[in-house]
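Keep the 3D view open and turn it as you read.

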Amino acid sequence: MIRMVQALRRSLLALLALTLVPSFALALEADTPLNSWLLKVHNASKQRTYTGTFVVSSGGNLASARIAHACDGAQQVERVEPLTGVPRATYRRNDRVVTLYPTTKVAVIENRESLGLFPGLLKSTDANIADNYHFKDLGAERMAGFDADGVGLAPKDAWRYGYRVWSEKRTGLVIQLQTLDASGRVIEQSAFSELQLDAPVKMAQLVQQMENTKGYNVSRPTMRAVTPQSMGWRLTIPVSGFRQVGCFSRPIAKSDKQAASGSAMMQWIFTDGLATLSLFVESFDVSSHQREGAIDTGGATHIVTRRVGDWWVTAVGEVPASTLRAFVAALERNK
Amino acid sequence: MTPTLPTPDDHVSALMDGELQGSAQQASVETLLKDARAQEAWHRYHLIGDILRSDELAAGARDLQFLTKLESRLSQETMAARVEMPERVAVLPPDGKHHTSANSDRFRWRMAAGGALTLALAVMAVFVLEPNMGRADIPMAVAPQIMPDTQTDVAAISVAPDGMIRDPRLDQLLSAHQQLGGHSALQMPSGFLRNATYDGKGR
C-alpha cells in the first residue's frame, strides 16, 4: 500500500514537473509513428530562428501576417504582425502572450498556460491521438522554397476533421497545414508563403517591443479554474474521442466601456488531441440571446448556440457542427 | 432651357431610358458626373437590370448567392462609382433620338426588381431567424452520418463579406476559445500563428 502511494506520488511529481517546464525539449519515448512525428514537429518550432509570411485561408477569406521567431535554448519569442484586419501585433514569450492594438492603444496580456502542456499530454494514458486519427505518409513536396514531407491525419470517425501537414525536411518545422472535411475538401489552410530559416532575429529587440506598453490601456483577462460539477453541470453521454482538459469561470464584459456586470460564464474545454472545443455557459438573457442554431465562420471553426432552460450555451470548436450539437445535447444541469 | 429634376433617381432612370434629349440630357449627364448619389443610383439600376435579365440567376436557391454578391458590390460601389462613370456616359446614343430601350417598360422592371429583392430578403430572413430546433439529436453511440450541414449554409449570411463575425459577443467567445487552444498538438507553430493571423474579430 505504502509502495503504491509512493509510486503514485512519484508519477504525479513527474507529471507536475512536465507541465511546469514547458520549454524544456523532452526526450519522451515516442511509442507510435504518430507520436514521434508530433513530438518532432512540436520541438522543431522551439529550436529554430526564422522569419516569414504566414497566410491563412479560411472559407473564402484570406489573411496574412509577418512572422519573426527567435529562440536561445531556454526561451522562445515570436511576433505576429497581421497584414489584414485590425492593426495589431501579437507577441509571445513562452506562454506569455501580449497583443498590442496601436490604433486604440489597448494592450491585452495573457498567460496561456495551455501552450506548455503538449509534451505532457502525450505521456498521459488517456491522451491517445492515434485512437482518433490514422497516420499516413504523403510523400515529399516542395513548398515555400523548401523540401517538405507530407503527413496525412485522417479521422477515424465523423466527429472530427482530417489534416494534412507538411514539415520542412531538415528541421521538421511545419510549413503548411490543411484542414479537410469528410469529403476530403480543404476547408481551411494555413501556410508560410515564404520562409527564411536561421534568419538574424534579435530576441532582445522582440522582448523590448513586447514589454513596451507605455501609453497603452492594459487589459488582463482573468479566469478562475473551477470544476463543472461546482458550476452545476455534467455531460451525460461523452462524445467519443474527446476528453475534458479544463473548466474555467470568466467574467462577462457586457461591453468594452462598461465594467463587468458581475455575472460569470463557464468555459468547459475538450480536446481529442488535435481539435479543441469550448462549451460556454451563461445565464439566459433574452435581449442578447436571440439566435439559436449553427453558425459557419467559413473555415474549420463552427459555433452552435442553444438555450438550455435558464441558460444559454455557445459551443465553439474546430469540429463539425454535428459534434458541437452532440456536446450541447449531452450537457445537463445537475439536479 | 435646363429643366431641374426633383430627385437624382428620376433623372438617372430617365437618362438610362434615353428619354432625355439635347440640353436636358446634357444637364442630366453633368449632374450625374458630380453627384455621388446619382452615380450610385445609375449603377444600381444597371446592375439590377442586368442581373434580372441574366439566365444564370434563375429564381430559387441562386437568389441568396445573388444577394450576397449584390451586397458586396454595392458596399464597394460608392467609392468606385467616380472611376466607372465616364465609361457609362460614353455609351449613350449620340443622336439624341428617342430609342426604345431594352427596359422600355421601365416602371414594370423596377417594380419586378424591387419585388424580387423583397421576396428574396424575406426568404433569407425566414431561414436565418428560424431557430434550429426539432433537429433529431444524434445517438451518442453512433458517429453521425456524413451529411452536409444545410442549416449552416444559410446561417453563413450572418458573417459579413470580409469574413468578420459582426456579433461582438461571439467575437469574445471565439477569442476566449483560441486563448486556450494550446491543447492541440498542432498548436505550435501552426495553431498559434493561425489564431494570431486570422483574427475574425473587430475590436
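In this predicted model, β1(A) and β2(A) form a hairpin with two residues between them. A:Gly59 sits in that turn, with a positive phi of about 65°. The two strands run antiparallel and are joined by nine bridges. One facing pair is A:Ser58 and A:Asn61, the latter in β2(A).

β1(A) also has β11(A), residues 186-197, as a partner. That pairing is antiparallel too, again over nine bridges. Within it, A:Val56 is bridged to A:Ser190 of β11(A). How much of β1(A) is buried? Seven of its nine residues are, so the strand is largely enclosed by the rest of the structure.

A:Ala107 stands opposite A:Val218 of β12(A).

Helix α4(A) covers residues 203-211. Its buried residues include A:Met203, A:Leu206, A:Val207 and A:Met210. Seen down the axis of α4(A), the buried residues fall within an arc of 100°, so they line one face of the helix. An α-helix has 3.6 residues a turn, so residues three or four places apart point the same way. What do the buried residues of α4(A) pack against? They pack against β2(A), β3(A), β4(A) and β5(A). On the face turned away from the buried side, α4(A) carries the exposed residues A:Ala204 and A:Gln208.

Further along chain A comes β20(A), residues 311-317. The strand is mostly covered, with six of its seven residues buried. β20(A) pairs antiparallel with β17(A), residues 276-283, over seven bridges. There, A:Val281 has A:Val313 of β20(A) as its bridge partner. β20(A) also pairs antiparallel with β19(A), residues 302-308, over seven bridges. In this pairing A:Val308 stands opposite A:Trp311. β19(A) and β20(A) form a hairpin with two residues between them. In the turn, A:Gly309 has a positive phi of about 65°.

Chain B is built from helices. It has eight of them and zero strands. Of its 203 residues, 42% are buried. Among contacts in chain B with a separation of 6 or more, 67% are between residues 24 or more positions apart.

B:Ser190 lies in helix α8(B), residues 187-197. Is B:Ser190 buried or exposed? Its relative accessibility is 4%, so B:Ser190 counts as buried. Leaving aside its neighbours within four places in sequence, B:Ser190 is in contact with A:Phe54, A:Val174 and A:Leu177.

The structure holds six cavities of 30 Å³ or more. Of the 22 residues that line the largest cavity, A:Leu177, A:Glu318, B:Gly191, B:Arg194 and B:Asn195 are the closest to its centre. Which elements each supply at least two residues of the lining? They are β10(A) and β11(A), together with α7(B) and α8(B). The largest share, five residues, comes from α8(B). B:Ser190 lies in that helix.

Terms used: Residues are numbered from 1 along each chain as its sequence is written. Chains are lettered from A and ligands numbered from 1 in the order in which they are written. This is a predicted model: local features need pLDDT of at least 70, side-chain atom pairs count only at pLDDT 80 or more; totals for chains, interfaces and linings use all residues. Side-chain values use heavy atoms; hydrogens and water are left out. Two strands pair if DSSP finds at least two bridges between them. Helices (H or I, at least four residues) and strands (E, at least two) are DSSP runs, numbered from the N terminus. Buried means under 20% relative accessible area, exposed over 50%, partly exposed in between (1.4 Å probe, protein chains only). The arc is that of the directions from the helix axis to the C-beta atoms. Contact means heavy atoms within 4.5 Å. On a 1 Å grid over the protein atoms alone, a cavity is a set of points where a 1.4 Å probe fits but cannot get out, and a pocket is an open set with protein on both sides within 12 Å along at least five of seven lines; lining residues have an atom within 4 Å of a point. Grid points are joined across faces, edges and corners, and a volume is the space filled by probe spheres set on the points.
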